[in-house]
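Please consult the sequence and the model alongside the points below.

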Amino acid sequence: MANDKKLVFMHLPKTGGTTLHDLLRKQFKTEEICPERFNNLRSWTPSELNKYRFFSGHFDWDGVESIPGEKTVISFLRDPVDRVLSLYYFWRAHTWNVIEQGGL
């Protein structure tokens, strides 16, 4: 498994990425899916990351580059105005306490 090509989904918030994540993760065994979903890949060792074939989360490029081996990187883009409106309605649906605690 360590030499298999990896799939990395860089999930930009409010772009419909949760749906794509759910579809993609069904193509991998549970033990092949990295549990890191936030931008903390750099805190993992290359040996730890090399155990996985599927990465999906709110990563930046430096984090993605810390994943060893050959990889395909995909992402979704969305019209910026639609994305901001979606974020606005998301925030309106939650209290500030929930937003701050979850880093949303």
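Helix H4 comprises 13 residues (80–92) and reaches 18 Å from its first C-alpha to its last, close to the 18 Å expected at 1.5 Å a residue; the expected span is 1.5 Å times one less than the number of residues. Helices (H or I, at least four residues) and strands (E, at least two) are DSSP runs, numbered from the N terminus. The model is predicted: local features need pLDDT of at least 70, side-chain atom pairs count only at pLDDT 80 or more, and totals for chains, interfaces and linings use all residues. Residues are numbered from 1 along each chain as its sequence is written, and side-chain values use heavy atoms, with hydrogens and water left out.

**Helix H4**
- At the start of H4, a side-chain oxygen of Asp79 comes to within 2.9 Å of the backbone nitrogen of Val81.

**Strands**
- Strands S1 (residues 6–10) and S2 pair in the parallel sense over four bridges, pairing requiring at least two DSSP bridges.
- Leu7 has Phe54 as its bridge partner in S2.

**Salt bridges**
- The structure holds four salt bridges (a side-chain nitrogen of Lys or Arg within 4 Å of a carboxyl oxygen of Asp or Glu).
- One of them joins Arg25 to Asp22, with the closest N and O atoms 3.4 Å apart; both residues lie in helix H1 (residues 17–25), three residues apart, about one turn of the helix.
- Asp60 and Arg42 meet in another, at 2.8 Å, N to O.
- Asp60 lies in the loop between S2 and helix H3 (61–65) and Arg42 in the loop between H1 and H2, so the pair ties together parts 18 residues apart in sequence.

Definitions and conventions:
A polar contact is a pair of N or O atoms within 3.5 Å; within protein, one must be able to donate a hydrogen and the other to accept it, and residues adjacent in sequence count only if both atoms are side-chain atoms.
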